[in-house]
Amino acid sequence: MNKTASIIITTALVIGIGIMFLGNSGDNPNSGATESVQNVEIRDGVQYVTINAQGGYSPRISSAQANIPTKLIVKTNGTYDCSAALVIRSIGYQKILPQTGEEVIDLGIPQAGAVQGLCSMGMYNFSVNFN
Amino acid sequence: MNQKTYIFHVSGTHCPSCKIFIEDALNEQIGIKQASVNLKNETVSFETSLDESQHKLAEMLTEKIKRNGYSLSIEKKAKDRNDHAVIWQALPIGLGFLALFFLLQKSGILNLGIGGQITPVTSFVIGLIASVSSCLAIVGGLVLSLSAKISEDNVRDTKTFTLFHAGRLVSFAVLGGVLGAIGSAVGINFTLTAILGILASLVMLLLGLNLVGVFAKSKIALPSGLFNFFRKIEHKTFTPLVVGFATFFLPCGFTQSMQVSALSSGSFMSGFLIMFAFALGTLPMLALLSFGSASFAHGKYAPLFFKSAGIVVIGLGLFALFSGMAGLGIISPLFSI
C-alpha cells in the first residue's frame with residue numbers, strides 16, 4: 001500500500017474515532033442531552049429523578065433542584081449490559097440492578113453540584129446537576 | 001569428525017522466548033550442538049559437524065525457523081526497511097477494526113432487551129451478545145494480545161489456547177454453581193473488578209506496544225522479570241487455565257449481570273448451567289480471536305498481523321484503561337459510548 005494513501009486513511013480513521021468519542025453529546029438523539037425530557041418531578045415534597053438504564057443511561061444529563069429531598073429512580077428493562085452495574089461514587093452506592101425493574105436510590109438532600117453515576121466498567125455515565 | 005563453530009546473524013529476535021525457541025529448533029537439527037543466541041548482538045553461534053558451506057548452512061537453518069519469522073544470514077542485514085512499510089499498512093487496518101468496533105457499540109444493536117426468566121438458552125444468547133459488546137474491549141483485547149504474543153513466541157500455541165478456553169468454561173460453570181449454591185453471601189466487589197480491569201488493560205498496552213515493535217525498534221527491552229513472567233505464562237500448562245479462570249472476575253457488565261442471575265438462581269445446578277451457557281456463548285468469538293491469531297501467525301502475513309493486532313490491542317487497552325480509571329473515580333469520564 002502506498003504510504004501517502006495509508007497516512008490519509010489513518011488520519012481519517014483517527015478523526016472518525018475521535019468524533020465517535022467526543023462529539024456525541026450534542027447530536028445524538030438517544031443521549032437526551034438536547035432533548036427536553038421530563039424526567040424530574042416533585043411529589044409530596046420529594047424530588048424524583050428518573051434515569052433509564054439500557055445500553056447506557058438516558059438522559060445523560062439532567063437538571064434538578066438542590067436542597068430538597070431527592071430520590072433517583074433507575075429503570076431497567078431487560079438490561080444485561082454494563083449499565084446494569086451501577087456505581088455512584090459520591091454516595092458510595094454500588095449495585096447490580098435487577099434485569100427488569102425500578103431501583104429507587106435515596107440521594108438525601110443534595111447540595112448544589114453534580115451527582116455522577118457510572119457503570120462498573122466506566123464507559124457509560126450520567127450526571128444530575130443540582131442547582 | 002571435526003567440529004566447527006559458526007556465528008550467524010539472526011533477524012526477527014525480539015524477546016527472550018525467541019532465544020529459547022531458536023536454540024531449541026537448531027539443537028533439534030542433527031549435527032548441531034550448543035546453539036546459543038545472543039540477543040544483544042542478534043547473533044547465534046553453534047558447533048557443527050556438518051560439512052556444508054556457511055551459505056548452505058544459513059539457508060538450510062533459515063528454512064527451519066523462517067516459518068516463525070526468523071532468518072539466519074552471514075552478513076548482518078540492514079535493519080529491516082520492510083518493517084516501516086508493514087507498520088504503514090498495519091496502522092489503517094488496526095484503526096479500521098477499532099472504528100468498526102466502536103461503531104458497533106454506538107449503533108445500539110447490541111442493546112436488545114431480553115426479558116423474562118434467565119434460562120441456559122437466554123444466557124447463551126447473552127453470551128453471544130456479550131462477546132461482541134464492550135466487554136470485548138477487555139476480555140477480547142486480553143485474549144487477542146496474549147494469543148498473538150504466544151503465537152509469536154511459541155509453536156505449541158493451539159494447546160495453550162485449548163487449555164485457556166477449557167479453563168474458562170469450567171471455571172465459569174463451577175463458580176456459577178458456587179454462586180447459586182451459597183446464594184447472596186458473596187458480594188462481587190466493583191472496586192476489585194475495576195482494579196483487575198486496569199491491570200488487564202496495562203498488560204494489553206504493554207503487549208500491544210511489543211507486538212507493534214516499539215520496544216524492538218528503540219531497543220528498550222522490557223524488564224527481564226516481566227519477560228520471565230510471560231515466558232512462564234507461555235510454557236506452563238496450568239497458567240492458561242488460571243488466566244481462563246481469572247476472566248470470570250474481569251469487569252464486564254454482562255458477566256456481572258449473569259453472576260447475579262446465578263446468585264439468585266438458588267441452586268448449584270441452575271447457577272452452574274447459567275454460567276456455563278454464558279461462557280459457551282462467548283466462546284465462538286474468543287476462540288476465533290485466539291485460533292485466528294495462531295493461523296495468521298504462521299501464515300505469510302504474520303508481520304502485518306502482529307502489527308495490526310498490536311494497534312487494535314493498544315486502542316482497546318487505552319479504552320479499557322480510561323474507562324477503568326473513570327469507574328474508580330480517579331478521572332472523570334472522558335467519553336460515553
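Modeller: Two residues are in contact if their C-beta atoms, placed from the backbone, lie within 7 Å. Keep in mind that this is a predicted model.

Biologist: Which residues does A:Lys71 touch, not counting residues up to four places away in sequence?

Modeller: A:Lys71 meets A:Val46, A:Tyr48, A:Val104, A:Ile105, A:Asp106 and A:Leu107. A:Lys71 sits in strand E5 of chain A, residues 70-76. Its C-alpha atom is 8.7 Å from that of A:Thr50, 21 residues apart along the chain.

Biologist: Why is A:Lys71 classed as partly exposed?

Modeller: Count neighbours. Buried needs 20 or more other C-beta atoms within 10 Å, and exposed means 12 or fewer. A:Lys71 has 15, so it is partly exposed.

Biologist: Now helix packing. How do I read H12 and H13 of chain B?

Modeller: Two packed helices are described by the angle between their axes and the distance between the axes. Here H12(B), residues 268-297, and H13(B), residues 302-327, have axes that come within 8 Å and cross at roughly 145 degrees. B:Ser293, B:Phe296 and B:Ala297 of H12(B) face B:Ala302, B:Phe305 and B:Ala309 of H13(B). That contact has 5 nonpolar residues, 1 polar and no charged.

Biologist: And the sheet in chain B: what is the strand order?

Modeller: The order is E2-E3-E1-E4, an open sheet of 4 strands with antiparallel pairing. E2 (32-38) and E4 (71-73) of chain B each have a single partner strand, so one side of each lacks a neighbour in the sheet. On average, neighbouring strands are turned by 30 degrees against each other, direction ignored.

Biologist: How many bridges join E1 to E4 in chain B?

Modeller: 3 bridges, running antiparallel. B:His9 stands opposite B:Ser73 in E4(B).

Terms used. Residues numbered from 1 in each chain as written. Chains lettered and ligands numbered in written order. Predicted model: local features only at pLDDT ≥ 70, side-chain atom pairs only at ≥ 80, totals over all residues. Axes fitted to C-alpha atoms, helices over the stretch in contact; angles between N-to-C directions. Helix = DSSP H or I, 4+ residues; strand = E, 2+ residues; numbered from the N terminus. Nonpolar A, V, L, I, M, F, W, Y, C, P; charged D, E, K, R; others polar. Pairing = 2+ DSSP bridges.
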